[in-house]
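Q: Hi! Could you walk me through this one while I have it open on my screen?

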Amino acid sequence: MLELDDLRRRYGETVALDGLSFAVGPGQLFGFVGPNGAGKTTAMRIVLGVLEPDGGGVRWNGHPVDAAARARFGYMPEERGLYPKMRVADQLVHLARLHGVSAADARAAAGEWLERLGLAEVAGRRTETLSLGNQQRAQLGAALVHDPELLVLDEPFSGLDPVGVDVLSEVLRERARAGVPVVFSSHQLELVERLCDAVAIVRGGRVVASGPVAELRARRGGRRWRVELAGASDAWLRDVAAASVVHRDNGAVVVELAPDADEQALLDAARRAGRVRRFAPEEPTLAELFREAVA
Amino acid sequence: MIATPTAVALVARREIVERVRERSLWISTGVTIAILAGILILPSALGFGGATKATVATVGPRAEQVVARAHGLQKTFDVALTARPASDDVAARKLVADGDADVAVLRGGRALAAAQDADDAVIAAVQAGSQAARGASIPPPLPVERAGDSGASDRRGIAFVAVVILYGQLLGYGFWVASGVVEEKSTRVVELLLSAITPRQLLAGKVIGIGVLGISQLLVIGLVGAAVGAATGQLDVTGDLVSAVGVVLAWFVLGFLLYSCAFAVAGALVARQEEVQSVTAPLTILVVASFFLSFGALDDPDSSLARVLSFVPPSAPMVMPVRQIAGNVTASEMLVAIVLTLVAAAALIALAARVYGAAVMRTGSRVTLRTVWRGSG
């Protein structure tokens, strides 16, 4: 269990983190989303000990994170970085050993991950000669090669082609199934929605919404309904005082009800106006929740 | 988490393995050895040093006998004579006039012709040869004893080569440390490294790895240089030479301890390779200045300026070895210079340990030493 507790950090006059808190449980795939400059990278750097917080703390399994715990974390920095002239396989072996893996195990693990990430053929090449996509995969290998107990990945999907996205998604799911908490940041909200068990939306250095995506949806409430009527205009809606139109598409109308309004009244009004083809709760997408949260 | 010695060893090992794979290391080793071999072989190839070589033109058997006698005496006069028969006196004079011979023995051994620039020792040797050929019962020439220390100029030569090599090695390897730090910073790999090990471990591993490489290269250069020198007969592998190699190795370690951490800190202050030159300029100037100051010591190893400079830490690693090799240094003087250098190195290492960690994670524009010192509390 990873817990970020009231993290605070300033850069000069700029407040990067303003009491940021969230927790990620074992086996949880956790999406960390927010506009640029919201503090995601700063928070991740603090988790990895690359940066010191001005206040607050990070706990791992109930204890403040120390160097011994960090050695068991896997990290993919936002700004990618590997030694350009080093051979890909040597690089992974070196990084695994810096995390305390024995020489033999490091070589075995590097070989396995390079195979898995589709880099076996370029294992002996200098990293700088790889395509950007392959460098990205090598970077992921660097985060995984020491079999970490926690994964913290800053924008791991950016720059990947669709195949790469699939490979990475599968690796992250598989790690989570193995009980590893996986935290990653991304601007690809559909991907986060599809992949994650839970998310935290940050703005201005603090979490403005967090929890399982379903819960976030429920919190906003099933107040939006999609109504599809055969051959009727929207005139009938004027009779339903508690409803306001959110948007229309393809002959359907999405309606938001006042908090205490009864959706059955809406349905009755619709049936009086024409044949109801469809009447369903309209679930907000993560992107919509995100826009509302950071607005 | 891994233990500090393991972390340092892993980082040092990477530095060595990766740099040995770089062609540039082998090229620089080769170039240095070539220069060294050139210094050793060229003087004799160009006719400097050793016995004075001279060609003696001869006309007729009596003249040849004169040269043969002179040949027997050439060690005494420190000359090496080669006879060149000519058909007659006119031809022999022409050889001298054209510079093809230094001296001519004319008129059946009764007269000499010498070029304007002919060496006195050559003329004296031929004179002595003609006296011997005429059967004159004169005593052999007096043996000449050179006054002063016979090894002084040799040792000065060794000291010169030593300080040139030390200068190149300290500057080159210091610069390697700085650009190695910048490489990790500019490629951002440093963030990944620091999520596994501490800045101090990274700094120590880098400096030790590059330092070990520097020592190894010096040893290879020293061994190959001595082998070439011995094989060509230009260098007697004497105690002077062996102790000079030891002095160079020792002062490389001391100088590298002193300068490398300063170079590492300089590297940590900038984010791009293009800035390495400018940020290390003050250190480069210090090394270059020490190098030129060591020339003064080469001229007069025991002058008071040389003595002072051999104790002051920035110049000690280049001036002290010159004094040790070419001059007279007491054991206590040497000890003082070593201790002062070590104290300065320790202070710089402490500064580097504090500043490097704070500076190395900063990206973007160049940071000042003052900012990182404050920020690193």
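A: Happy to. Keep in mind that this is a predicted model. We can begin with Val247(B), which sits in helix α9 of chain B, residues 239-269.

Q: Is Val247(B) buried or exposed?
A: Val247(B) counts as buried, because it has 22 C-beta neighbours inside 10 Å and the cut-off for buried is 20 or more.

Q: Which residues does Val247(B) touch, leaving out those up to four places away in sequence?
A: Those are Ala162(B), Pro321(B), Gln324(B) and Ile325(B).

Q: Switching topic: how many residues does each chain bring to the contact?
A: Chain A brings 25 residues and chain B brings 17 residues. On the chain A side, α3(A) gives the most, with four residues. By class, that side of chain A has 15 nonpolar, five polar and five charged residues.

Q: Now the four-stranded sheet in chain A. What's the strand order?
A: The order is β12-β13-β11-β14, in an open sheet with antiparallel pairing. β12(A) and β14(A) are at the edges with a single partner strand each, so one side of each has no neighbour in the sheet. From one strand to the next, the twist averages 25°.

Q: How many bridges join β11(A) and β14(A)?
A: Six bridges, in the antiparallel sense. Trp225(A) stands opposite Pro281(A) of β14(A).

Q: Which helix lies across those strands?
A: Helix α9 of chain A, residues 263-273, lies across β11, β12, β13 and β14 of chain A, at about 15° to β11(A).

How values were computed: Residues numbered from 1 in each chain as written. Chains lettered and ligands numbered in written order. Predicted model: local features only at pLDDT ≥ 70, side-chain atom pairs only at ≥ 80, totals over all residues. Helix = DSSP H or I, 4+ residues; strand = E, 2+ residues; numbered from the N terminus. Buried ≥ 20, exposed ≤ 12 C-beta atoms within 10 Å, placed from the backbone. Contact = placed C-beta atoms within 7 Å. Nonpolar A, V, L, I, M, F, W, Y, C, P; charged D, E, K, R; others polar. Pairing = 2+ DSSP bridges. Axes fitted to C-alpha atoms, helices over the stretch in contact; angles between N-to-C directions.
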